Amino acid sequence: MKRFIPVIIFAAIQFPVIPVTSATNDIWKGGSNYAHFGLGLPHDFQASYSDGMGLYGVALHDNRSPSIANPASWSRSIFTTAGGAFEINSLHISGGGNQINSTQFQTGPFQLVFPIHRDRIGISLSISPLTAARYTMENEGILEPDQNHSGEEMRYITENVGSGGINKIEAGIGYRLTNSISIGYAPSLLLGVINRKQTLNFDNTDYRAVNLRETTSHYGFGNRFGIYFSRGGVLRNSDQAVFGATVSLPVKFVSERRLESKIANRDVSINPPSYYGKGQTTFPLEASGGFSYHINSYLLVGADAIYQKWKGYTNFNGQAESFLKDRIRLGVGSQYIAALGDGTSFFSRFIYRMGVSYDTGNFTFENTDIETIMIHGGIGIPSSETNSSIDINAEFGFRGTEFAGLVSERIFALKVSFNLSELMFIQRRLQ
Amino acid sequence: MFSCDGFSNRRILPFVYLIILWTFTACDEGGIVSSKLSPDDPDVKADTILLDSVSLVRSPAFSGNLFYFTTGSFDDPVFGSIEAIALLRPSITKQPEDTIGENSTAFLKLNISNIYGHLSDASEFHVVELTRPWRASSWRYDSIPELGTNIVGQFTVQGSDTLNIKLSDDWTNRYRDFYFQEPTELRDSLYRNEMPGLAIIPMHDNGKLFSVNGDEATIIFQSAADTGAVEQDIGSWAVSFSTELEDGEAFGTSQIVYNTFESIMKLDFEITEELLGSNNLSRVELVLYKDTVGMDTGGQFSRPRSETARIYYLMSHDVNYAITTDPRFQANMREDDSSYRINLTNFAHERLFGSSDDRRLYVVIGANDGRILPTLLGGPNDPTRQPKLLITSIETE
């Protein structure tokens with residue numbers, strides 16, 4: 001347990017960075033042009049090992065690393081595990097004749113999994129981002145000569161800055177019913193604040209910059225169910241096949257919105273929450289399913305899919321959004337654990353992962369789906385004496401298109417995860 | 001086998017993560033313009049509010065010891081008949097080495113700074129004695145001087161030269177008597193009471209007013225034997241001023257304002273969110289127009305002018321003392337449309353978010369400097385020159 005202490009302290013320091021209550025910070029500037037729609041862009045990171053394979057991870061389990069993907073898989077826990085991830089996203093954005101680069105830093109999920117009864121009952125505590133609504137966009141406007149005092153056309157820039165997102169705090173349990181079948185249940189609290197700040201800066205210093213800041217807070221309670229099936233000796237003695245599935249029920253948010261402006265160094269309420277009434281935002285249903293096949297202890301292949309019913313999303317006013325569509329994400333990938341072998345070369349010390357994913361996206365603009373195609377790769381650096389590891393994953397791909405005046409984003413992401421794995425509350429026989 | 005045990009055993013793993021984070025932290029190049037994907041921008045509103053509640057307030061200011069004193073009369077076809085009387089009280093300071101000899105001659109020396117009226121016409125003025133003591137510090141433009149009948153001097157103004165006005169021997173000799181009075185305190189007191197001063201009065205229809213820098217006006221006592229001269233400055237001066245306009249409707253709804261506070265434009269409106277339509281303001285601008293058409297006289301005479309609007313923010317009962325305060329706003333006239341544009345943005349914020357009271361804006365054109373500067377400002381119901389507020393804000397709905 002002592003080994004966890006500095007990590008827990010470190011995680012506690014990092015934890016406020018997750019925008020449970022978002023704060024504007026320069027580091028969040030930029031971001032995807034698609035992030036200001038709905039509740040922001042979905043965030044799929046569930047486990048470092050599945051992410052390296054481009055998978056959601058619903059049919060994967062690794063005793064060295066925790067995973068949020070499937071509550072049922074927590075029943076297979078043998079070690080107490082803790083994990084956290086940090087992510088750098090670099091976007092090269094093209095559209096409207098412009099090209100810019102933008103870099104974002106994001107904290108991934110933090111999770112603790114405790115085996116209450118080893119390989120039978122496990123519980124998990126986690127906090128993870130579900131959506132991120134961080135962006136910065138600028139538009140130019142003109143005040144006509146008869147609308148300003150200069151007597152000439154006057155230019156102004158509207159800067160739109162979004163921040164925040166929806167996060168999930170989840171506590172769940174997994175229970176192994178039989179040797180093959182586990183089930184899990186995870187209630188959660190979804191909460192978050194989405195800020196949209198608009199600032200108008202005029203070219204003429206006689207005009208004061210004006211701003212509007214819309215803050216919408218959400219919270220609601222979610223329920224997630226999972227099932228995990230594994231069976232060895234399917235095609236050969238040393239193999240194992242795993243199937244997994246989860247479903248997250250839609251969440252009715254209690255939402256509150258206010259509109260403020262910073263005027264003469266005062267926060268002035270333009271429209272208080274009572275002006276809007278209570279919001280009726282609905283976070284959509286999500287289902288996932290997949291399988292993995294462990295050819296042997298070194299090699300596995302897997303594939304999974306998630307489905308998010310964004311057609312069922314309702315905005316603050318209780319209305320559906322025409323630009324939203326149901327989302328399907330497909331992933332296929334594999335993992336090779338070279339470190340289990342007897343090799344002595346440098347390359348035999350790691351775990352290798354790779355995969356591809358295709359995401360239909362949940363947005364449609366100009367009759368065009370905002371699709372994402374990514375290739376994923378990762379390296380795990382395991383410990384020989386403990387089960388802890390560091391995973392470094394990279395992904396590269398494209399989102400959207402420049403067609404019909406839209407925006408294409410070339411994405412490169414680097415993710416660093418720590419996974420600590422310990423036997424707790426058990427006297428080790430050998431040290 | 002390679003491992004990370006070295007890190008974790010030393011419990012420095014978190015710090016390694018931090019280093020990795022710092023290594024990859026980067027910045028943005030900025031936003032991208034893509035109207036189809038941008039959030040809906042707030043609309044910029046540019047509203048105009050015509051100010052109907054405009055009135056004139058009369059509160060003649062103090063006129064003593066200002067930069068100039070003015071005298072003369074002129075019948076301005078726009079502003080009507082204007083008459084001003086200058087009040088002067090020469091100093092009576094005696095230096096030990098100075099003396100005013102018998103039969104000395106006194107000259108009042110005036111350097112004309114500017115003229116209001118017909119420059120080249122000959123205009124006659126008389127210098128008469130005042131018969132009642134007065135104090136410059138309490139003299140207002142509407143104060144009425146008590147004039148004696150004795151003419152101490154007379155002169156004609158034609159052009160704008162320096163004037164040397166010979167004063168009467170009687171006045172000079174009486175002055176000389178006080179000049180040698182001892183002690184000093186008695187001399188000053190007797191002089192103020194017995195010789196209250198001089199007034200320069202225009203003869204009827206003399207066709208011009210002229211202004212003199214008070215600090216440059218002097219009285220010179222020239223000895224008969226031409227043995228030297230004693231110069232006394234004008235220690236106190238003031239102006240009495242009256243105007244009479246026979247046809248007040250000659251220029252429609254435009255309003256006459258004087259720098260002397262003889263006539264002040266009062267803008268009677270309260271800054272509220274209801275009036276402005278928003279409290280999220282980028283600029284609030286008060287626009288006043290000079291009625292240059294109404295003031296146009298075809299260049300037949302000279303009329304001094306100021307292009308600076310001075311706007312006071314006062315309670316109504318403080319208007320009489322506006323001269324003692326600094327204007328809250330000042331703005332120079334914009335030549336292209338003869339407008340005065342005053343930035344009220346901060347003022348509006350103060351009014352919207354601070355405590356309210358009954359203060360209002362009062363407008364004059366030109367500083368109260370002893371000259372007579374009338375100006376015609378556009379008034380209500382004038383579609384092109386009505387005072388107005390230009391409000392630039394963003395829609396908050």
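1. Gly83(A) belongs to strand E2 of chain A, which covers residues 80–95. In this predicted model, Gly83(A) counts as buried because 29 C-beta neighbours fall inside 10 Å, where 20 or more are required. Leaving aside residues up to four places away in sequence, Gly83(A) touches Ser48(A), Ser65(A), Pro66(A), Gln111(A), Ser417(A), Phe418(A) and Asn419(A). Ala47(A) is 36 residues from Gly83(A) along the chain, and the C-alpha atoms of the two are separated by 8.5 Å.

2. Chain A as a whole contains 3 helices and 23 strands. Its radius of gyration is 24 Å, close to the 22 Å from the globule rule for 431 residues, so chain A is as compact as a globular protein of that length. The C-alpha trace of chain A spans about 85 × 45 × 40 Å along its principal axes.

3. Among contacts with a separation of 6 or more, 65% are between residues 24 or more positions apart.

4. Strand E7(A), residues 154–176, pairs with strand E8(A), residues 181–202, in the antiparallel sense over 19 bridges. The two form a hairpin, with 4 residues between them. Within this pairing, Asn167(A) has Leu191(A) in E8(A) as its bridge partner.

5. Strand E8(A) is also joined to strand E9(A), residues 210–232, by 20 bridges, and this pair runs antiparallel. Here a glycine stands opposite a glycine: Gly184(A) faces Gly226(A) in E9(A). As background to these pairings, side chains in a regular strand alternate between the two faces of the sheet.

6. Turning to the nonpolar cores, the largest has 88 residues, and the members that touch the most others are Ala86(B), Leu87(B), Val257(B), Tyr362(B) and Val363(B). Not counting residues up to four places away in sequence, Leu87(B) touches Leu130(B), Trp134(B), Trp139(B), Pro145(B), Gly197(B), Ala199(B), Trp237(B), Ala238(B) and Ser240(B). A second, separate core comprises 27 residues, including Ala133(A), Tyr135(A), Val251(A) and Leu324(A).

7. Helix H3(B) runs over residues 169–179, and its buried residues include Thr172(B), Tyr175(B), Arg176(B) and Tyr179(B). These four lie on the same side of H3(B), because they cover an arc of only 105° around the axis. The buried residues of H3(B) pack against strand E5(B), residues 105–117.

8. Chain B has an open sheet of 9 strands with antiparallel pairing, in the order E1-E21-E15-E18-E17-E16-E19-E14-E2. Its edges are E1(B), residues 44–50, and E2(B), residues 54–57, each of which pairs on one side only. Direction ignored, neighbouring strands of this sheet are turned by 25° against each other on average.

9. Within that order, which strand pairs with E15(B) over 5 bridges? E15(B), residues 281–289, pairs in this way with E18(B), residues 339–343, in the antiparallel sense. Glu285(B) stands opposite Asn343(B) in E18(B). Helix H7(B), residues 345–353, packs on the sheet and touches both E15(B) and E18(B). The direction of H7(B) makes about 115° with that of E15(B).

Note on methods:
Residues are numbered from 1 along each chain as its sequence is written. Chains are lettered from A and ligands numbered from 1 in the order in which they are written. This is a predicted model: local features need pLDDT of at least 70, side-chain atom pairs count only at pLDDT 80 or more; totals for chains, interfaces and linings use all residues. The radius of gyration is taken over C-alpha atoms; the globule rule is 2.2 Å times the number of residues to the power 0.38. Two residues are in contact if their C-beta atoms, placed from the backbone, lie within 7 Å. A nonpolar core is a set of buried Ala, Val, Leu, Ile, Met, Phe, Trp, Tyr and Cys residues joined through C-beta atoms within 7 Å. A residue is buried if 20 or more other C-beta atoms lie within 10 Å of its own, exposed if 12 or fewer, and partly exposed in between; C-beta atoms are placed from the backbone. Two strands pair if DSSP finds at least two bridges between them. The arc is that of the directions from the helix axis to the C-beta atoms. Axes are lines fitted to C-alpha atoms, for helices over the stretch in contact, and angles run from 0 to 180 degrees between N-to-C directions.
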